[in-house]
Amino acid sequence: MLRRLIDKLRPRSTTPRLRVVPRDQHNVSRRDISQAALRIMKRLEDAGYQAFLVGGGVRDLLLGGHPKDFDVATDATPEQIKRLFRGARIIGRRFQIVHVRMGREIIEVTTFRGHHEQSRSEDGMLLRDNVYGSLETDAVRRDFTVNALYYTLNDFAIHDYTGGLKDLERRTLRIIGDPDTRYKEDPVRMLRAVRFAAKLGFQIEPGTANPILELGELLRNIPPARLFEEVLKLFMAGSATATFTLMRDYRLLEHLFPATEAALQAGDELGLALIEETMANTDKRVRADKPVTPAFIYAALLWPPMRARADELTKHMPPQAAYQQAATEVIGQQLGHTALPKRFLIPMREMWDMQHRLVQRRHPQRLLEQPRFRAAYDFLILREAAGERLDGAGSWWTRFQEVDEPEQQKMIAEARRQTPDGKSGRRRNRKRRAPRQESPTPSSQD
């Protein structure tokens, strides 16, 4: 009895016995693999190196998917890889990888990783990860078991060192090794756990999931630029809705978007509905191969705290000025957590700035000509879908774009007879002032 208890409490080995699945027992076919990746593997092997397809590409093929990205692992060093391929470039410092360009494709090639205990911060985060090893050590250095499956061209078999095939069958996401240690080595693994669980529809194994609630704050140590790249992977890969839900369940959103989570915790139901509408809309666009932009994602995620701050400032300044000031403050705070390059920040601000003008419906022809009109209009529609009362501005703009010019003029005239609160009213006739004698050229007014 005691021995059974000891065996039960004994940590699981991170290096289970190798399982090799021959070609006739798995569904991975070369026809479904990038020709560029196959050529790279063949050239590495011809040069005397080992080469395996590894990671999400193998995982998704085994699940019956059609992955677009393929990674290759080899025992060749980055310098040796670069010498073999003319279109190769070594990138990264903490974790060196090689990007090999073949035609229009870029294949990521990595050298087998090895064990090490040095180059760590006080929090346990890896500062360098360029210790090279064997196929076996590389397997246990990867993050999750389902991502540590290797496909070889030698006999077209699948090599599994960590039990990933069983976890695929169970639809379970399990981290390799001690969860606390692995998350401390690289806190971004917590985001990857949520992202893969959402994308694959997998359950996160309890031992893998539980530490996330306690260690989430380690994400504050990750550079904002890197977290921006992770935000794109989280919300622009076709599973944003499920990802957003899991991010809140595991209290990770508060470390990436603290002001947003604070606003939602304060009971901003309209803000929550807007974000959920945006995530669902983004998923539809990704699945339909339509473009999506980080500017739109950020506009939705930061709208709740921006609007809350604007409501406070409106007590002391005009509404439009309050919104502009609130936007500046909220964006400034957010940049300390996740970066947002200007090529996305500026369009986001323009979308926000146009919201007030779209609701007022002033100078609609000019607004139609604005480069950001379509994005701003789409954002307005989502605000209405989320339950915001905007005096029917969304349906008005939808109809305005569909009718001919005479009908547009009627709509404009009708809009001018509406007061800001949406009630019909007449403008007071005002006498025009005579121009001053000393000012022969009158000033233009929009």
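Author: Happy to walk you through it! Please keep in mind that the model is predicted, with local features needing pLDDT of at least 70 and side-chain atom pairs pLDDT 80 or more, while totals for chains, interfaces and linings use all residues. Numbering starts from 1 along each chain as its sequence is written, and side-chain values use heavy atoms, without hydrogens or water.

To your question: strand 1 is joined to strand 8 (residues 158-160) by three bridges, and the two run antiparallel. (Strands are DSSP runs of E, at least two residues, and helices are runs of H or I, at least four, numbered from the N terminus; strands pair if DSSP finds at least two bridges between them.) Within this pairing, Val21 has Ile158 of strand 8 as its bridge partner.

Both strands belong to an open sheet of eight strands, with mixed pairing and the order 1-8-7-2-3-6-5-4. Strand 1 (19-21) and strand 4 are the edge strands, each pairing on one side only. On average, neighbouring strands in this sheet are turned by 30° against each other, direction ignored.

Arg89 is partnered by His99 in strand 5. The hairpin of these two strands has five residues between them, and Gly92 there adopts a positive phi near 90°.

Strand 5 also pairs with strand 6 (residues 105-111), over five bridges and again in the antiparallel sense. Here Val98 has Val109 of strand 6 standing opposite. Two residues lie between strand 5 and strand 6 in their hairpin, and Gly103 in the turn has a positive phi of about 65°.

As for the helix, let us take helix 10 and its two partners. Helix 10 (residues 224-235) packs against helix 15 (residues 294-313) at an angle of about 90°, the axes being 11 Å apart. (Axes are lines fitted to C-alpha atoms, for helices over the stretch in contact, and angles run from 0 to 180 degrees between N-to-C directions.) Helix 10 is therefore roughly perpendicular to helix 15 (65 to 115 degrees; under 35 is roughly parallel, over 145 roughly antiparallel, the rest oblique). In this contact (heavy atoms within 4.5 Å), helix 10 contributes Phe228, Val231, Leu232 and Phe235, while helix 15 brings Pro294, Ile297, Tyr298 and Leu301. By class, that gives eight nonpolar, no polar and no charged residues (Ala, Val, Leu, Ile, Met, Phe, Trp, Tyr, Cys and Pro are nonpolar; Asp, Glu, Lys and Arg charged; the others, including Gly, polar).

The other partner is helix 8 (residues 188-200), whose axis comes within 10 Å of that of helix 10 and crosses it at roughly 5°. Helix 8 and helix 10 are therefore roughly parallel to each other. Val188, Leu191 and Arg195 of helix 8 meet Arg226, Leu227, Glu230, Lys233 and Leu234 of helix 10. The residues of this contact divide into four nonpolar, no polar and four charged.
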